[in-house]
Amino acid sequence: MNFQRAFFLIIAFTVLLAGSTSIFYGCKNFSGPTETTTTTTTDTTIITPVVTQPVTTSSVICFSSQVLPLLQSNCGMSGCHDALSRRDGYDFSTYQTSVSRGVVAGNADRSAIYTITVSTSRSRMPPSPYNALTDAQRAILRQWITEGAKNTNCSPTACDTSSVTYARTILPALQTYCVGCHSTASPGGGINLSTYAGIKTVATNGKLLGSITRQSGFIAMPPSGSLGSCETSQFRIWIRGGALNN
Ligand code: HEC
């Protein structure tokens, strides 16, 4: 037994003893704390669940609302990794196609779709002139893969339509769904949605609402997928309120 393993087992055994009362008391299948025997032979079949149990309580990333739009708007531009172009076999149009290549569930550091976004070499994706993913976007991608790259579709929380602001509501939604294709460096259709001025222009001339509500006479946005009904209402409220920089 090497030192690291011995150290791990000692720590794990300590956690087992210390946590046995608090962790196991609520567990139906456990007959009581007395089962944590005083024997010094460490049994990994007992230890493993105790060590891994607390990790599962953190929030779970929603693939449908947090990851898919991020992949579609930053990687799924026409000519890149949309269903038609499928450059290098990567296609981020659906869950199935998104996980079919470059994803090792549970291990972001071995998942090409993550590592390529943090690469400092010229092969970084999205490539210049597109912007790199932000740290927050990389963290979402990483956590989703770490959590098993599952097709999670979280039940929507109540839609907040009473405290809609540019900073809290509009900007984050645009960053998730739109800015990959509408940044300063690569403004699709000449439209830059990474600055307030650029957003205000399309909010005022009707193109923002026209495109996200897919009205005739406008080009439907985002090109694949769509904003949820909650986000659409929030955009409508913010625009009606004067599209303020609040
Ligand atoms: C995958 C890339 C991509 C994504 C994601 C995307 N756009 Fe676009 N958008 C484009 C391109 C390219 C054009 C120009 C299309 C053309 O001229 O044919 C465009 C055009 C537009 C227009 C002009 C529409 C019109 O009728 O003139 C608006 C407004 C717009 N986008 C807003 C958005 C918003 C808001 C989002 C996010 C909800 C979004 N886009 C997401 C690529 C994208």
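User: Where is Pro129 in this model?

Analyst: In this predicted model, you'll find Pro129 in the loop between α5 (112–118) and α6 (135–146).

User: What's going on with phi at Arg86?

Analyst: Arg86 has a positive phi, about 45°, and it isn't a glycine. Most residues other than glycine have a negative phi. As for its place, look in the loop between α3 (63–75) and α4 (95–99).

User: Why is Arg86 called partly exposed?

Analyst: Count the other C-beta atoms within 10 Å: Arg86 has 15. Buried needs 20 or more, and exposed means 12 or fewer. The 15 for Arg86 falls in between, so Arg86 is partly exposed.

User: And Arg214, how do you know that it counts as partly exposed?

Analyst: Arg214 has 13 C-beta neighbours inside 10 Å. Exposed would take 12 or fewer and buried 20 or more, so Arg214 with its 13 counts as partly exposed.

User: What is the phi of Arg214, and which loop holds this residue?

Analyst: Its phi is positive, about 55°, although Arg214 is not a glycine. Arg214 is in the loop between α9 and α10.

Definitions and conventions:
Residues numbered from 1 in each chain as written. Predicted model: local features only at pLDDT ≥ 70, side-chain atom pairs only at ≥ 80, totals over all residues. Helix = DSSP H or I, 4+ residues; strand = E, 2+ residues; numbered from the N terminus.
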